[in-house]
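Here is a short briefing on one helix and on the aromatic rings. Keep the structure open while you read.

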Amino acid sequence: AVVSTQSTGGKWQCERCACPPLTGKVQSFITWRYKEQEKDKKQSKQPREFLVKFHNLSYWRCEWVQEVQLEVFCNSKLRNYLRKCEGELPPTLDEVEDTGEFTDPNVKLMINAGIPPSWFRVHRVLRVRNIKNSPTIHLVKWRDLSYEYATWEPEGENVPGLEEAMEEYKKFKKLNDKKYRCIRTGKPNARFQGDPSVKFDKQPAYIDATGGKLHPYQLEGLNWLRHCWSQERNTILADEMGLGKTIQTISFLNSLIMEGHCNAPFLISVPLSTLVNWERDF
């Protein structure tokens, strides 16, 4: 096909030479469809367009891309994808009745194509960057996706939950103020409500308020952690897997906060495989 473009001063060019560049590097193809237009009698086949996920961009910024653009800029990846597609018809997608709070037609289509709805939900904002003469951008971590898939999202982007995550980010940043930092002076303080060296005979009321109940051996572990902390001794919990080391650690940190010994935040270093469990228990 031959087209005329304004960018070249109205000169005639072939369709492949005139097609615009892609938004970014193609990561994957989600589905494809025939382009909604009348088929040109001179064309041997009806043009197609593909729903594309780009590297370093979230699923909210997937785009429909014309086949000719992909042939020019991403030919090998396109051929590999088409080898997996059988027949001349677009892939049949299962209709998902519950697509959550999402109303965007492309998002619904991607959920029907097998993309988990949680991948469209904001988990937290990790960082905010202000760029001169440009919109503020937020580094967003998405639910059920690891931190390596965090993406920069511009301010004002229509992403559900982004504003709420920004409020949580601002609250967290306030904790970096000196008056919120965890500082131990060893001096008596009127705000202290408990002695960490004294054993609990039963779990304290602030743990009861959570609706949970510690096993006797977990309560013993909590007492031991508090006693070692009061003696400024490092500790290692060596319980077997599944006996609640995470809960004991969380209860210990919570006791320091509730009794006024120090304030959050605490830096917790855990394996990536258990990070979701920590987030859930907190």
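Which elements do the buried residues of α8 pack against? They pack against α6 (205–208), α7 (216–230) and α9 (275–281). Bear in mind that this is a predicted model.

**Helix α8**
- Helix α8 covers residues 245–258, 14 residues in total. At 1.5 Å a residue it should span 20 Å, and its end C-alpha atoms are 20 Å apart, so the two agree.
- The buried residues of α8 are Thr246, Gln248, Ile250, Ser251, Phe252, Leu253, Ser255 and Leu256.

**Aromatic pairs**
- The whole structure holds ten aromatic pairs.
- Phe29 and Phe50 make an edge-to-face pair, 5.9 Å centre to centre with 65 degrees between the planes. Phe29 is in strand β3 (residues 26–34) and Phe50 in strand β4 (residues 48–54), 21 residues apart. Both Phe29 and Phe50 are buried.
- Tyr59 and Trp119 have ring centres 5.6 Å apart and planes at 40 degrees, so this pair is tilted. Tyr59 lies in the loop between β4 and β5 (63–66), and Trp119 in the loop between α4 (105–112) and β6 (122–129), so the pair ties together parts 60 residues apart in sequence.
- Tyr59 counts as buried at 10% relative accessibility. Trp119, at 21%, counts as partly exposed.
- Phe29, Trp32, Tyr34, Phe50 and Tyr81 are linked into a cluster by ring pairs.

**Charges over rings**
- Arg48 places its charged end over the ring of Trp32, 4.9 Å from the ring centre.
- Lys141 has its charged end over the ring of Tyr147, 5.3 Å from the centre.

Conventions:
Residues are numbered from 1 along each chain as its sequence is written. This is a predicted model: local features need pLDDT of at least 70, side-chain atom pairs count only at pLDDT 80 or more; totals for chains, interfaces and linings use all residues. Side-chain values use heavy atoms; hydrogens and water are left out. Helices (H or I, at least four residues) and strands (E, at least two) are DSSP runs, numbered from the N terminus. The expected span of a helix is 1.5 Å times one less than its number of residues. Buried means under 20% relative accessible area, exposed over 50%, partly exposed in between (1.4 Å probe, protein chains only). Contact means heavy atoms within 4.5 Å. Rings of Phe, Tyr and Trp (its six-membered ring) pair if their centres lie within 6.5 Å; planes under 30 degrees apart count as stacked, over 60 as edge-to-face and the rest as tilted. A charge sits over a ring if NZ of Lys or CZ of Arg is within 6 Å of the ring centre and within 35 degrees of the ring normal.
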